[in-house]
Amino acid sequence: MGDRNLREDIKRIIEKVKQEILPDSTVKFWLEKNISKFQDLKGNLYDVAIGKAAWRMAKATNEMLRERISDKVIHGVVVTKYNHSEGSIENFEIYEAGHPIPDENTLIATKRVFELTNNLKESDMVLFLISGGGSALFELPMEGITLEEIQQLNEQLLKSGANIVEINTVRKHLSKVKGGRFAQHVYPAKIISLVLSDVLGDRLDSIASGPAYPDATTSQQAIEVLRKYNITVSDKILKALEQETPKELSNVETFVIGSVKVACESAEKVASELGYTPLILTTTLDCEAKEAGRFLASIAKEIKNYDRPVKKPAAIILGGETVVKVRGNGKGGRNQELALSFALAVEGLENVVLCSFGTDGTDGPTDAAGGIVDGQTAQKIRKVGLSPENFLENNDSYNALKIAGDLLLTGPTGTNVNDLIVLLVG
Ligand SMILES: Nc1ncnc2c1ncn2[C@@H]1O[C@H](COP(=O)(O)OP(=O)(O)O)[C@@H](O)[C@H]1O
Ligand SMILES: O=C(O)[C@@H](CO)OP(=O)(O)O
Ligand SMILES: [Mg+2]
């Protein structure tokens with residue numbers, strides 16, 4: 001298969017996966033199967049959506065519930081990232097706020113949710129639509145802690161190299177909503193959470209910092225995270241950290257309705273339909289982005305030269321969330337960095353194409369979702385007299401792929417289930 005087909009095919013796979021993992025379909029599918037949970041409701045229904053996919057999840061539930069339980073009063077609130085809402089939704093209040101750092105609008109939106117879900121009765125219910133990004137977007141600091149202190153601590157944690165489980169262990173112990181505390185707020189009403197997972201292994205107490213899930217982490221662990229990454233905090237914050245989060249909750253039911261596993265299985269199906277032999281290598285990739293790129297280049301060469309671990313034409317599929325310790329002052333994201341590293345290691349090879357795709361559509365602080373690269377990418381950069389190695393060294397993958405015309409630009413996708421990597425070898 002010539003490169004052209006491979007590039008067209010990889011774009012087709014990504015486009016198809018994007019459609020399949022949209023919350024519209026996954027939310028409606030779940031509601032259809034579980035509508036009886038709402039038809040027997042005696043009280044009011046509160047539909048709260050938080051995270052990068054909140055708007056689409058809310059839109060999908062609203063369309064479905066309006067139709068099927070029109071006799072119930074539904075109050076709705078969406079709290080999502082700037083530029084992630086797509087217009088009004090009947091009977092919903094829409095808020096946009098800061099991500100990955102919470103801001104004033106985060107507090108305004110969260111206070112409104114708290115107000116709306118205050119003094120609920122046992123006969124009321126909260127339908128809680130959770131997607132990644134919720135930690136920054138849904139936040140009320142504990143008494144005596146200021147927004148500035150929370151912002152500063154978030155900055156330090158995000159830059160420290162700590163993984164999301166460690167970051168959220170700290171965030172949960174400084175919040176009135178995280179770590180199951182929102183479920184306590186709405187008690188005795190019941191909470192049904194529908195979760196789009198963007199945490200490897202679907203750890204429910206980490207996704208968006210588990211506002212309606214018993215917290216498996218402890219105050220001690222939170223203090224150890226700060227120590228491990230040399231993050232100093234005030235005595236006031238240390239004191240607040242000592243207050244333990246709830247370890248069991250009697251009023252919650254939680255369902256994962258989308259994850260990177262679903263994205264990988266969808267890619268596997270489409271690749272096979274296109275005539276490739278698919279192989280899902282992992283759905284929990286979490287090493288350095290640069291190393292993952294080099295490793296995948298070695299897999300590409302093994303298939304090309306020896307038809308193993310699968311015969312050509314082959315589609316190698318991975319899901320996960322790699323990490324980048326940002327040392328340079330360039331612009332990029334973990335998917336762009338992985339793609340550039342792969343491109344360097346396959347320079348000159350024909351009939352290999354790789355796509356690394358941040359499924360929320362924004363990879364790092366850039367407008368790119370990732371990159372689609374091949375054996376010609378590095379040469380296209382050298383042709384204008386620049387060194388792809390230097391771009392990688394400086395964590396400047398965005399500008400390198402931009403020069404090569406190999407950025408993947410999707411805009412915010414409306415979903416968020418980690419990163420998907422597809423390698424085609426023809
Ligand atoms: N210049 C860069 N090159 C590569 N990766 C970067 C760069 N700047 C930030 N990052 C990485 O991007 C990550 C945040 O990306 P983002 O897509 O916003 O995360 P998420 O989708 O998980 O919210 C940071 O954890 C950091 O490791
Ligand atoms: O909100 C969060 O805690 C994390 C994980 O769910 O999402 P993101 O890394 O996109 O901020
Ligand atoms: Mg992202």
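Trainee: Which backbone atom of Gly134 lies by ligand 2, and how far is it from an oxygen atom there?
Mentor: A backbone N or O atom of Gly134 sits 3.1 Å from an oxygen atom of ligand 2. Keep in mind that this is a predicted model.

Trainee: What does Asp198 do around ligand 2?
Mentor: Asp198 uses its side chain. A polar atom of that side chain is 2.6 Å from an oxygen atom of ligand 2.

Trainee: And what about Ala208?
Mentor: With Ala208 the backbone is involved. One of its polar backbone atoms is 3.0 Å from an oxygen atom of ligand 2.

Trainee: How much of ligand 2 does the protein cover?
Mentor: On its own, ligand 2 has 310 Å² of accessible area, and the protein covers 89% of that.

Trainee: Which elements give two or more residues to that shell?
Mentor: Helix H6 (134-137) and helix H8 (164-172). The largest share comes from H8, with three residues.

Trainee: Which residues come nearest to ligand 2?
Mentor: There are 15 residues around ligand 2, and Lys52, His99, Gly133, Ser135 and Asp198 come nearest.

Trainee: How does the shell around ligand 2 split by class?
Mentor: Eight residues are polar, four are nonpolar and three are charged.

Trainee: Let's switch to ligand 1. Which residues come nearest there?
Mentor: Ligand 1 has 17 residues around it. Lys52, Asp360, Thr362, Gly364 and Asn395 come nearest.

Trainee: Where does Asn395 make its polar contact with ligand 1?
Mentor: Through the backbone. A backbone N or O atom of Asn395 is 3.0 Å from a nitrogen atom of ligand 1. Gly332 also places a backbone N or O atom by a nitrogen atom of ligand 1, at 3.2 Å. For Gly330 the distance from such a backbone atom to a nitrogen atom of ligand 1 is 3.3 Å.

Trainee: How much of ligand 1 is buried?
Mentor: The protein buries 78% of the 580 Å² that ligand 1 exposes when taken alone.

Trainee: And the classes around ligand 1?
Mentor: Seven polar, seven charged and three nonpolar residues.

Trainee: New topic, rings. How many aromatic pairs are there?
Mentor: Six aromatic pairs turn up in a search of the whole structure. One of them joins Trp30 and Phe255.

Trainee: Why is the pair of Trp30 and Phe255 called tilted?
Mentor: Their planes are at 55 degrees, so the pair is tilted. The ring centres are 4.9 Å apart.

Trainee: Which parts does that pair tie together?
Mentor: Trp30 is in helix H2 (residues 23-34) and Phe255 is in strand E6 (residues 252-258), so the pair ties together parts 225 residues apart in sequence.

Trainee: Is Trp30 buried or exposed?
Mentor: Trp30 counts as buried, because its relative accessibility is 7%. Phe255 is at 21%, so Phe255 counts as partly exposed. The cut-off for buried is under 20%.

Trainee: What about the pair of Phe128 and Phe182?
Mentor: That pair is tilted as well, at 5.1 Å centre to centre with 50 degrees between the planes. Phe128 is in strand E4 (residues 125-131) and Phe182 is in helix H9 (residues 181-186), 54 residues apart. Phe128 counts as buried at 0% relative accessibility. Phe182 counts as buried at 0% too.

Trainee: Which residues form a cluster through ring pairs?
Mentor: Phe114, Phe128, Phe138 and Phe182.

Trainee: Last one. Which residue lies over the face of Tyr398?
Mentor: Lys331 does, at 4.0 Å from the ring centre. Arg308 lies over the face of Tyr306, at 4.7 Å from the ring centre.

Terms used. Residues numbered from 1 in each chain as written. Chains lettered and ligands numbered in written order. Predicted model: local features only at pLDDT ≥ 70, side-chain atom pairs only at ≥ 80, totals over all residues. Heavy atoms only, no water. Near = heavy atom within 4 Å. Polar contact = N/O pair within 3.5 Å; in protein donor to acceptor, adjacent residues only side chain to side chain. Areas by Shrake-Rupley, 256 points an atom, 1.4 Å probe, with all protein chains shown as cover. Helix = DSSP H or I, 4+ residues; strand = E, 2+ residues; numbered from the N terminus. Nonpolar A, V, L, I, M, F, W, Y, C, P; charged D, E, K, R; others polar. Phe/Tyr/Trp six-rings, centres within 6.5 Å; stacked < 30°, edge-to-face > 60°. Buried < 20%, exposed > 50% of the residue type's maximum accessible area, 1.4 Å probe, protein only. Lys NZ or Arg CZ within 6 Å of the ring centre and 35° of its normal.
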